[in-house]
Amino acid sequence: MQDFEKTMDIQRATIEAERCLYCYDAPCMAACPAHVPVPEFIQSIRSGNLHGARSILQEAHPFIETCGRICPEEAFCQSACARGKIDTPVHIRQLHRFVTDATDAADRIELPGATAGKIAIVGAGPAGLSCARELRSMSFVCDVFEDRQAGGVPSQEISTRRYPREVEQRELLFLMSRFVSHVHVQHVTDVTRLKSEYDAVFIATGLPAESELKIEGVQLAGVHRARELLRKMRSGTDSGVGDRVGVIGGGNVAVEVASMLREEESERDVVIIYRRGMKEMKAFKKEIEEATALGVTYQFLAIPDKVIGSQHVEGLQVTQARLSCEDSSGRRSFDALPGSSFVIPLDTVVIAVGQRPDEGVFPGIDRSPSGLILVGDNMQTNIPGIYAGGDIVRGARTVVEAVCDGKKAAECIAAYVTGGR
Ligand SMILES: Cc1cc2nc3c(=O)[nH]c(=O)nc-3n(C[C@H](O)[C@H](O)[C@H](O)COP(=O)(O)OP(=O)(O)OC[C@H]3O[C@@H](n4cnc5c(N)ncnc54)[C@H](O)[C@@H]3O)c2cc1C
Ligand code: SF4
């Protein structure tokens with residue numbers, strides 16, 4: 001497995017730490033959704049106290065191993081780094097990763113007795129387990145309900161190149177053994193029933209469903225859903241797809257699946273087919289660069305019309321597009337060029353056009369028109385004592401934002417259960 005980013009050695013990390021300006025207002029810390037005290041952990045690296053640096057990171061952030069590897073720092077801490085105004089921002093995420101690679105998850109946390117109340121957490125991803133860690137540290141007992149695999153999306157769908165198994169095991173073993181009382185392997189459908197058994201419930205189920213592409217031919221053999229394939233490949237099972245693959249989409253899921261299909265078979269042609277251009281892709285820039293380095297190619301400005309084939313996929317008919325004005329999100333929209341359709345010969349089509357909430361569960365909980373759970377400022381749903389956070393509330397976002405929600409929900413739940421005691 002090709003790791004594009006080698007971890008820093010101590011010399012490089014120390015030189016990088018010396019570039020930090022230790023700003024009094026720490027804009028990097030404010031820009032990190034988990035509010036990691038960046039200057040403090042960098043100062044610890046500089047003074048050679050790596051275990052101290054780990055403790056600082058660990059106290060602020062339950063998923064430090066994961067975020068050290070896959071946090072999109074250019075959208076958060078590094079975008080605010082004052083050093084960027086002089087030359088280049090400090091490589092904060094790489095320093096973050098250096099600390100987690102160089103030190104053990106030494107269990108230095110003294111936990112209080114579990115006497116404050118009993119909380120049910122539905123979904124053992126970054127939001128759910130962050131909430132569990134904070135609540136257990138405040139004397140609550142936390143039971144987790146998970147229908148697939150603890151760890152959420154990173155453990156289930158992200159390439160082992162970016163998030164290796166041993167890093168995952170280190171993180172999850174620590175979190176699950178220290179902060180979770182019981183794990184119920186169960187697909188929860190009714191949270192009001194759970195509320196009658198627990199003092200409060202936190203829903204952190206993410207976006208487990210996939211958006212459909214409503215074009216002709218998607219029922220043909222050789223058409224796959226991206227996230228099903230990701231789960232298969234992450235678990236070590238052969239994807240079983242062909243040699244000429246078209247991935248439809250421009251987000252993180254499309255780029256992840258295209259990269260993993262190339263990693264699995266380097267002779268395979270994998271082309272990302274997207275309606276806009278590279279600048280408009282929603283995937284993280286670093287992931288696009290890695291996909292390109294792995295040999296993924298792109299067919300931009302192509303609108304899928306139909307999958308061609310009699311029994312099995314033989315190609316994808318697309319219409320050429322042209323970029324037009326910016327839409328409300330600031331991204332350029334596109335128009336189809338009439339009479340410009342052509343066929344891309346393929347034996348496999350992978351649909352990667354979006355993630356959705358599971359709307360068949362949790363009756364009685366208010367949702368937005370797109371199915372996201374609605375919460376107030378205190379993260380409570382319309383039912384008192386039932387809280388929600390992470391992707392199921394925000395839509396498709398990031399691990400560090402799910403961590404932020406888990407931490408905040410824990411505080412709100414503690415206040416609700418203890419009545420401010
Ligand atoms: C392919 C891909 C690549 C990504 N790459 C990155 C990246 O590089 N960096 C980054 O920061 N973010 C990335 N993300 C986004 C990130 O993974 C999510 O924002 C984050 O995992 C959300 O955390 P969560 O806890 O809200 O939900 P999830 O991680 O989705 O966890 C929800 C958990 O709930 C479980 N569950 C769902 N329904 C039920 C139910 N009814 N009963 C019981 N359990 C249930 C699920 O099995 C899952 O374990 C990526 C996402 C995808 C799909
Ligand atoms: S968690 Fe992400 S945003 Fe926060 S300090 Fe680490 S790399 Fe930066």
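Against which helices do the buried residues of α3 pack? In this predicted model, the buried residues of α3 pack against α1 (10-17), α2 (27-31), α4 (50-60) and α6. Helix α3 spans residues 38-46, and its buried residues are V38, P39, F41, I42, S44 and I45. An α-helix has 3.6 residues a turn, so residues three or four places apart point the same way. After α3 comes G48, which has a positive phi, near 80°.

The protein chain as a whole contains 15 helices and 15 strands. Its radius of gyration is 23 Å, close to the 22 Å that the globule rule gives for 421 residues, so the chain is as compact as a globular protein of that length. Along the principal axes, the C-alpha atoms fill a box of roughly 70 × 55 × 40 Å. Of the 421 residues, 44% are buried.

The chain is divided into three parts: domain 1 (10-102), domain 2 (117-208 + 357-418) and domain 3 (210-351). A distance of 35 Å separates the C-alpha centres of domain 1 and domain 3.

In soluble globular proteins, nonpolar side chains tend to be buried together. The largest nonpolar core of this model has 79 residues, and those with the most contacts inside it are I119, I121, V201, F202, I203, Y387 and I413. Helix α15 (residues 399-418) supplies the largest share of this core, with 10 residues. The core lies between domain 1 and domain 2, because both domains give residues to it. Apart from this core lies another, of 39 residues, which include A254, V270, F334 and I351. Within the largest core, I121 is one of the residues with the most contacts. Leaving aside residues up to four places away in sequence, I121 touches G128, C131, A132, C142, D143, V144, F145, F202 and A204.

Residue I288 belongs to helix α13 (residues 285-293). I288 has 21 other C-beta atoms within 10 Å, and a residue counts as buried at 20 or more, so I288 is buried. Its contacts, again without residues up to four places away in sequence, are V255, M278, M281 and A283. Q317 stands 29 residues from I288 along the chain, and the C-alpha atoms of the two are separated by 24 Å.

Two ligand surroundings were also examined. Ligand 1 is surrounded by 39 residues, of which G123, G125, G152, G206 and G390 are the closest. Two or more residues of this shell come from each of α7 (126-137), β2 (140-146), α8 (153-157), α12 (252-264) and α15. The shell around ligand 1 consists of 20 nonpolar, 11 polar and 8 charged residues.

Technical notes: Residues numbered from 1 in each chain as written. Chains lettered and ligands numbered in written order. Core = buried A, V, L, I, M, F, W, Y, C linked by C-beta atoms within 7 Å. Buried ≥ 20, exposed ≤ 12 C-beta atoms within 10 Å, placed from the backbone. Helix = DSSP H or I, 4+ residues; strand = E, 2+ residues; numbered from the N terminus. Domains from an automatic or database assignment. Contact = placed C-beta atoms within 7 Å. Near = placed C-beta within 6 Å. Nonpolar A, V, L, I, M, F, W, Y, C, P; charged D, E, K, R; others polar. Rg over C-alpha atoms; globule rule 2.2 N^0.38 Å.
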